[in-house]
Amino acid sequence: MTPPTPFMWASWYMNQWDLFIDQQEISFWPKFKLPTEDSYQIFWEVMQIIDACYLDIETYQYKQRAIVAGVMFLVLGKHFSEFTFGEISEKF
């Protein structure tokens with residue numbers, strides 16, 4: 001048995017997001033698991049920020065799933081122009 005990792009949580013949350021988008025039949029919202037360049041860019045951005053988070057020792061006080069969910073919220077907010085990358089790095 002292996003313990004859950006941030007990648008495992010990210011994959012689970014991304015799958016749940018894609019299922020939600022499919023059920024709502026919303027075509028203009030991004031998906032994470034499509035074999036397209038846009039989907040890969042969003043996936044890559046989420047994973048890169050998660051990796052950067054774990055460079056800070058204080059991150060380990062939070063649950064992995066909370067960090068992944070928070071990063072996905074910020075990246076999707078950036079995708080919908082709710083946040084800029086500067087706001088994400090300075091405020092959050």
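Guide: A residue is buried when its relative accessible area is under 20%, exposed when over 50%, and partly exposed in between (1.4 Å probe, protein chains only). One note before we start: this is a predicted model, where local features need pLDDT of at least 70, side-chain atom pairs count only at pLDDT 80 or more, and totals for chains, interfaces and linings use all residues. Residues are numbered from 1 along each chain as its sequence is written, and side-chain values use heavy atoms, with hydrogens and water left out.

Visitor: Which residues in α1 are buried?

Guide: Helices are DSSP runs (H or I, at least four residues), numbered from the N terminus. In α1 the buried set is P6, W9, A10, S11, M14, W17, D18 and I21. Residues three or four places apart in an α-helix point the same way, because a turn takes 3.6 residues. The cover over the buried residues of α1 includes α2 and α3. Just past the end of α1, E25 has a positive phi of about 55°.

Visitor: How do I read the packing of α1 and α2?

Guide: You want the angle between the two axes and the distance between them. Here α1 and α2 pack at about 145°, their axes 11 Å apart; axes are lines fitted to C-alpha atoms over the stretch in contact, and angles run from 0 to 180 degrees between N-to-C directions.

Visitor: Which residues meet there?

Guide: From α1 come P6, F7, A10 and M14, and they meet F43, V46, M47 and I50 of α2 (contact means heavy atoms within 4.5 Å). This contact has eight nonpolar residues, no polar and no charged ones; Ala, Val, Leu, Ile, Met, Phe, Trp, Tyr, Cys and Pro count as nonpolar, Asp, Glu, Lys and Arg as charged, the others, Gly among them, as polar.

Visitor: And how many aromatic pairs are there?

Guide: Rings of Phe, Tyr and Trp (its six-membered ring) pair if their centres lie within 6.5 Å; planes under 30 degrees apart are stacked, over 60 edge-to-face, the rest tilted. That gives nine aromatic pairs. Take W29 and F80: centres 5.8 Å apart and planes at 65°, so they sit edge-to-face. W29 is in the loop between α1 and α2 and F80 in the loop between α3 and α4, so this pair ties together parts 51 residues apart in sequence. W29 is partly exposed at 28%, and F80 is partly exposed at 34%.

Visitor: What about F73 and F83?

Guide: Edge-to-face too, because their centres are 5.6 Å apart with planes at 65°. F73 belongs to α3 and F83 to the loop between α3 and α4, so the parts joined are ten residues apart in sequence. F73 is exposed at 52%, whereas F83 is buried at 16%.

Visitor: Which residues do ring pairs link into a cluster?

Guide: W17, F20, W29 and F80.

Conventions: Helices (H or I, at least four residues) and strands (E, at least two) are DSSP runs, numbered from the N terminus.
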